[in-house]
Amino acid sequence: MTEPIVTEPIVEVTGLHVSFGAIDAVRGVSFAVHAGECVAIVGESGSGKSVTARTLLGLTGDGARVRAESFRIEGRDASGYRERQWRAIRGGRIGFVLQDALVSLDALRPVGKEIAETLRLHRDVPGAVSRAETAGRVLELLREVGVPEPELRARQYPHELSGGLRQRALIASAIACHPRLLIADEPTTALDVTVQAQILRLLAERRRRGSGLLLISHDLAVVAELADRVLVMRDGVVVEDGPAARVLRSPGHPYTRRLLAAVPMEHAKGTRLSVAEGETARPIPARPPGEVVIEARDLVRTFGRRTAVDGVSFRLRAGQTLGIVGESGSGKTTTARLVLGLLKPDAGSVEIDGRPWEGLTPAERREIRRHVQVIYQDPLSSFDPRFDVRRILDEALGVGGEPRRTRRDRAVELLEQVGLDASVLDRRPSRLSGGQRQRVAVARALAPRPRVIVCDEPVSALDVSIQAQVLDLLAELQADLGIAYLFISHHLGVVHHVSDHVLVMKDGRVVESGDVRQVFTAPAAGYTRELLAAIPRLDPHPDPHLEDTRPDAPLDVTAPAVRKAS
């Protein structure tokens, strides 16, 4: 009987510990990644997953103390590597794809030069190209990751590219030297669903070509698409480790079960997502629709020669949620800015409680604006960093006409409404967790007692459990106060969970609208079907060790989604 060939892991870590002063960020973590294998590390912010990944690149920082029973990269002991040795590893033997390509790429250089630098710094790796071949290899890499017009794009700066193109350029830089291992740290978090599907397909293609893949993500559906094995981390410790199919379908640890329960899925609509161990999901009381609070009629808005919004109409009633979905550039955020009165339409009108924005005096506009508030994707950037929570809420309460003598009591009341206590008042946003900051953003929006809140990607940057808490909070506030939400998101699962009705936008137009259950279960428009087909599903292959046996064909970045071989 022939013995199976066991290949040496690309990276193998046993008993990894990483500490920063008195803080033990990673405690006793062990794992290995082989060629052609995807290992995913999941967990909430602060779980230690990104610190673990950065340790494999020597990027823990000067203040970190790293120790391990065994730490080997391509069979060599890496525990004593110095910076010069790590520079040879980074980009050459191990590629790194970060979440935010706009921050990761050099804003002062065209993306082609960024990729060329990786090739220049690693001319000693197998398959390296000469100086004369560099320009051609850059264009070849951009084509390989599905960037159209590579000659043009190579000359453009990161801010001139869409989010999807920037992320592809970052991947091109990461794979330039054919690294044996690719580390992807939240590579699709901020991307539209169709672009996310393309990026997942790119990563799957690298794995199929023999690269190992270490995926760091809080999106369990993305993990299900790609991973062979899953490590679940909490407070620096691996609490569960095993084949993806087993961990995601039959989790053994209560924490893993809680993470999975927090994922918005069809069967969970109308119930709480944030459920403690031992509890069952509780329904959130439905509120009958009230009077129309927003009516948009035939909105048109252009920027130069580009029409951003073209003939958009809808009604939103008190106590209801209208979701708006679409890719970047579809017009959904411009529509929200028209509703908020931050942009003037070229044609059409927006009425708030029957009163149009147009023709109002500044005082009348301020009065209406009190009743239409907004929650942004990144509350940290929407807060003044010099203000503590007390001042943030005091300012919002002042806009709402709250007397000074009662503002502190009202601020405490608002914090209690969103699940925080008075101790938060004296803290600045930078001293709060992501979930706490988003709760403060909700409290600020509630301060003027609004009729409508525009939610612009309010949970897209949050861990799945914190996302669940914020979504539950919004639903409970709506049931109690009758607030109407205009909810904008690229996460279709979230939109399905929170919305009563939905608008699907493409190129500034509404291509489909209606009851959210009807649209999501029986979409009429081809574009809607394309969006829904691109959603990652929490349905891993039953045999995670089954190899992908598809023929080696050119990458089709237009494919709607990536699936493991069946």
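Q: Which residue forms a salt bridge with Arg 509?
A: Side chains of opposite charge can pair when their charged atoms come close. In this predicted model, the partner of Arg 509 is Asp 310, with the closest N and O atoms 3.1 Å apart.

Q: Which parts of the chain does that pair tie together?
A: Arg 509 lies in strand E21 (residues 509-515) and Asp 310 in strand E13 (residues 306-317), so the bridge joins parts 199 residues apart in sequence. Arg 509 is partly exposed, at 48% relative accessibility. Asp 310 is partly exposed too, with a relative accessible area of 24%.

Q: How should I read Asp 472 and Arg 272: buried or exposed?
A: The cut-off for buried is under 20% relative accessible area. Asp 472 has 2% relative accessibility, so Asp 472 counts as buried. Arg 272 has 18%, so Arg 272 counts as buried as well. Their side chains meet in a salt bridge, 4.0 Å from N to O. The pair links distant parts of the chain, 200 residues apart: Asp 472 sits in helix H18 (residues 464-481), Arg 272 in the loop between helix H11 (254-261) and strand E12 (292-303).

Q: How many salt bridges does the count come to?
A: The count comes to 33. Another of them pairs Asp 241 with Arg 229, closest N and O atoms 3.2 Å apart. Asp 241 is in strand E11 (residues 237-243) and Arg 229 in strand E10 (residues 229-234), twelve residues apart.

Q: At what angle do helices H15 and H16 pack?
A: Read the angle with the axis distance. Helix H15 (residues 389-399) and helix H16 (residues 407-417) pack at about 105°, axes 10 Å apart. That makes H15 roughly perpendicular to H16. Residues making the contact include Leu 393 and Leu 397 of H15, and Leu 414 and Leu 415 of H16. By class, the contact has six nonpolar, one polar and five charged residues.

Q: How many aromatic pairs does a search of the whole structure find?
A: The search finds two. Phe 71 and Trp 86 form a tilted pair, 6.1 Å centre to centre, with 35° between the planes. Phe 71 lies in strand E5 (residues 70-73) and Trp 86 in helix H2 (residues 83-89), so this pair ties together parts 15 residues apart in sequence. Tyr 81 and Trp 86 form an edge-to-face pair: 5.3 Å centre to centre, 75° between the planes.

Q: Which residues do the ring pairs link into a cluster?
A: Phe 71, Tyr 81 and Trp 86. Phe 71 is buried, as is Trp 86. Tyr 81 is also buried.

Methods
Residues numbered from 1 in each chain as written. Predicted model: local features only at pLDDT ≥ 70, side-chain atom pairs only at ≥ 80, totals over all residues. Heavy atoms only, no water. Phe/Tyr/Trp six-rings, centres within 6.5 Å; stacked < 30°, edge-to-face > 60°. Helix = DSSP H or I, 4+ residues; strand = E, 2+ residues; numbered from the N terminus. Buried < 20%, exposed > 50% of the residue type's maximum accessible area, 1.4 Å probe, protein only. Axes fitted to C-alpha atoms, helices over the stretch in contact; angles between N-to-C directions. Parallel < 35°, antiparallel > 145°, perpendicular 65-115°, else oblique. Contact = heavy atoms within 4.5 Å. Nonpolar A, V, L, I, M, F, W, Y, C, P; charged D, E, K, R; others polar.
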